[in-house]
Amino acid sequence: ARKAALAASSGPGATSDGHKVPLLANVGGPADVPAAVEAGAEGVGLFRTEFLFLDDSKQAPSEEKQVESYRKVLEAFPEGRVVVRVLDAGADKPLDFLTPADEPNPALGVRGLRSLLDHPEVLRTQLTALAKAVEGLPVYLEVMAPMVADRTDAKAFADACRQAGLRAKFGAMVEIPSAALRARSILQEVEFLSLGTNDLAQYTFAADRQVGAVSRLQDPWQPALLDLVALSAEAAKAEGKSCGVCGEAAADPLLACVLTGLGVTSLSMGAASIPYVRATLAKYTLAQCERAAAAARATDTADEARLAAQAVLSGE
Ligand code: PEP
Ligand code: MG
């Protein structure tokens with residue numbers, strides 16, 4: 001029965017009453033594109049460009065090499081959306097030429113957008129390569145920055161995009177609690193938000209994502225994390241802008257329903273999860289998702305939140 005449900009699962013993501021939630025794929029480069037297309041992804045919600053930089057930790061790949069790689073991904077989704085994240089180096093993704101070697105707490109140090117603002121030439125090359133890669137393609141390109149902490153960061157990124165002549169939507173990832181708390185202020189500078197729930201959990205609970213001993217606190221069902229998702233989604237709605245999720249949370253079919261109920265406008269995940277999320281979302285109305293979200297937020301632990309959402313959606 002599960003197989004049949006999945007086979008029947010195709011087309012755009014939506015609740016049973018037709019509320020659309022685009023289902024997008026997380027990719028690391030052209031090699032991940034076939035699986036995304038096969039799964040029926042409506043585009044890419046997170047293109048992790050750091051994979052392109054891992055071949056050579058001494059220097060950034062040339063502009064030509066970047067154009068080639070970006071274009072292959074952009075070409076695969078005509079009329080679709082592709083959200084490219086600029087380089088997220090540092091902490092769990094160190095790069096010799098960008099990441100300081102002597103930081104006592106790399107996750108709290110110079111990483112993500114912070115590294116790029118310290119090395120504007122690396123950001124400029126990446127944005128110029130993207131501008132060239134998208135030329136003449138019918139795709140909707142969106143570009144976002146990792147680790148945006150506040151409006152100053154968001155403005156610096158948007159300015160860099162404009163200076164590179166990039167014709168795309170510019171967005172900010174919400175991975176730091178300050179960004180969720182002041183999402184409306186960040187949205188004065190950028191056109192969309194994308195929640196990186198892996199890092200958002202890490203920074204909300206002061207629990208290193210690479211330390212198994214604190215994995216309980218990395219659970220994306222934590223009600224405090226759901227609260228920050230809700231704040232971000234409400235801010236985006238108030239500003240008439242979109243707020244997606246591209247962290248692991250989006251790949252959990254039940255949580256995907258809860259995130260939808262919290263007001264998230266798109267979900268991006270590893271391609272393999274898309275059919276499951278699509279099939280589950282299609283079983284419930286938006287109102288049911290909203291009730292499940294409210295029930296989950298009314299609890300005090302991740303396990304209780306999961307059970308509360310399950311109870312609402314199974315009609316108990
Ligand atoms: C996240 O932090 O949730 C995210 C999507 O980015 P990454 O896992 O690449 O840090
Ligand atoms: Mg992240």
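Asn198 sits in helix α10, helices being DSSP runs of H or I with at least four residues, numbered from the N terminus. This is a predicted model, so local features need pLDDT of at least 70 and side-chain atom pairs count only at pLDDT 80 or more, while totals for chains, interfaces and linings use all residues. Residues are numbered from 1 along each chain as its sequence is written, and ligands are numbered from 1 in the order in which they are written.

Leaving out neighbours within four places in sequence, it is in contact with Arg209, Gly247 and Glu248 (contact: C-beta atoms, placed from the backbone, within 7 Å). Arg209 lies in the loop between α10 and α11 (223–238).

| Residue | Other C-beta atoms within 10 Å |
|---|---|
| Asn198 | 16 C-beta atoms |
| Arg209 | 19 C-beta atoms |

On to ligand 1. Asn198 is one of the residues around it, and Arg48, Asp88 and Glu175 are also among them (C-beta atom within 6 Å). Helix α10 gives the largest share of that shell, three residues. β2 (43–48) also supplies at least two.

The UniProt "binding site" annotation, from an unreviewed entry, covers Arg48, Arg85, Asn198, Asp199 and Arg209; such annotations may be inferred rather than shown by experiment.

Definitions and conventions: A residue is buried if 20 or more other C-beta atoms lie within 10 Å of its own, exposed if 12 or fewer, and partly exposed in between; C-beta atoms are placed from the backbone. Two residues are in contact if their C-beta atoms, placed from the backbone, lie within 7 Å.
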